[in-house]
Amino acid sequence: MRQKEEKCVVTFRTTAAAMEMERACKAEGVPGRLIPVPRTITAGCGMCWAAPPSAREAVEELVMAHHLMIDGIYAIIL
Amino acid sequence: MIYLDNAATTRPKPPGVAEAVTAAMMSWGNCGRGAHEEALASARAVFSVREQMARLLGCPRADHACFTPNSTQALNIAIGGLLGPGDHVISTDLEHNSVLRPLYRMRQKGAAVDFVPADRQGQIDYGDFERLLRPDTKAVVCTHASNLTGDMIDIGRVGDFCRAHGLLFILDASQTAGVFPIHMETQHIDVVCFTGHKSLLGPQGTGGLCVREGVDIRPFAVGGTGVQSYLETQPMEYPTRLEAGTLNSHGLAGLGAALDFLEKTGIDAIRAHETALARRFYEEVRQIPGVTVYGDHSKAERAPVVTLNIGDYESGEVADELAERFGIATRPGAHCAPRMHRALGTTEQGAVRFSWSYFNTEEETDAAAEAVRILATEN
């Protein structure tokens, strides 16, 4: 098992929205990567953007600036 | 073989299309199903194709470019998902069965449908849109170009009409996307339905619809989406809203490569080449005694299609002779355009359609004209 640590997690309602998020993060140098959505957020499938907690502000600014279609932003232990 | 049936499907595809399909088959996972690198590679590429389609059609939002197997399914989704009993729809005699049959089915369910008539030359009077307008008119559904004659509908004019009267505008761009400019925003188009394998030069089994933001199409199919799995209904967010089931991401890889080719070559250059060949052919065959060419060829802007008959020679026999004796592939018969054939008076004889793509040459075109001359002389 991996060592659990806090993450800033962004969820989406479509795969297309996740792709836009990844594209914007890579372009702006915001850290993180796409991972399966953890069950503590929602049961089911799909992917979410997981970033270090220190990037939360940058993530929120990016979402606003790019009008990204996100479902929610969470701070959780993964 | 001289292939002049590009209005049915373009052949060959540009360099890179088949290679992109093969590479995708050998490496990609399922787009939107999982977050491992193989699935992400597919999802990223498919999203890039959405961006390319949105850019090509003047659709402001890439996530409103939804994929289907073809234009027919896209039109079924748009017509079935936006119209219903009690609605009135205006369409035209130029339409393909991919528009007509969904409209006829909608009429059986209680919608009213009127068609702007085409005259004996296949031309429409734009004043008829106004004359057919009713208080309950909800939409105009029309093609950008007749697949039978190549005659085009002025979609800017139809878009203005729709905007002035608060109507939805659903466009069938099967014959024109990738060759003629289309801009959803400036031309006030609500839905553009396209197919990947014709003028877009991509693989069969690809197509879709670009939807204007705020236009809510009821999902046609519901099912697996890779997201919101415990929801009992189809997610309402585009593009997932219209994309139940695994996408043809392998085919879309090919479509992406075809769109790369279109962007690099430029649709103006493609259009200039194709229409010049069609014009060259027309100028030859129109002078041949006994040959009847359909449509209005006085207009510069027309799809690269020339449709003709030789005397009263059955179109299927002409096409068969062209194929067997001259190695020229054309399309005879009805072309899934029954209303247009009725307008032209060709329901019995059918007609022989020659259609060009970017990969045809002047030599092929001249050989086809010469073959028509020989057959007309013999007839």
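**Close-up views of the predicted two-chain model**

**View 1. The two domains of chain B.** The C-alpha centres of domain 1 and domain 2 of chain B lie 27 Å apart. This is a predicted model, in which local features need pLDDT of at least 70 and side-chain atom pairs count only at pLDDT 80 or more, while totals for chains, interfaces and linings use all residues. Residues are numbered from 1 along each chain as its sequence is written, and chains are lettered from A and ligands numbered from 1 in the order in which they are written. Domain 1 of chain B comprises 2–11 + 266–378, and domain 2 comprises 17–265; such bounds come from an automatic or database domain assignment. For chain B, the mean pLDDT (the predictor's confidence in each residue, from 0 to 100) is 97, and 100% of the residues reach 70 or more. The model scores ipTM 0.90 and pTM 0.96.

**View 2. The contact between the domains of chain B.** In this view, 28 residues of domain 1 of chain B are in contact with 34 residues of domain 2 of chain B; contact requires C-beta atoms, placed from the backbone, to lie within 7 Å. On the domain 1 side, α8 (267–285), β10 (305–310) and α10 (338–344) of chain B give two or more residues each. Helices (H or I, at least four residues) and strands (E, at least two) are DSSP runs, numbered from the N terminus. The domain 1 side consists of 13 nonpolar, eight polar and seven charged residues. Here Ala, Val, Leu, Ile, Met, Phe, Trp, Tyr, Cys and Pro count as nonpolar, Asp, Glu, Lys and Arg as charged, and the others, Gly among them, as polar.

View 3. Four strands of chain A form an open, antiparallel sheet in the order β2-β3-β1-β4; two strands pair if DSSP finds at least two bridges between them. Strands β2 (33–36) and β4 (72–77) of chain A are the edges, each pairing on one side only. Helix α1 (residues 15–28) of chain A packs on the sheet, touching β1, β2 and β3 of chain A, with its direction at about 25° to that of β3(A). Axes are lines fitted to C-alpha atoms, for helices over the stretch in contact, and angles run from 0 to 180 degrees between N-to-C directions.

**View 4. The contact between chains A and B.** Chain A places 15 residues in contact with 18 residues of chain B. Helix α1(A) contributes the largest share of the chain A side, four residues.

Key. Two residues are in contact if their C-beta atoms, placed from the backbone, lie within 7 Å.
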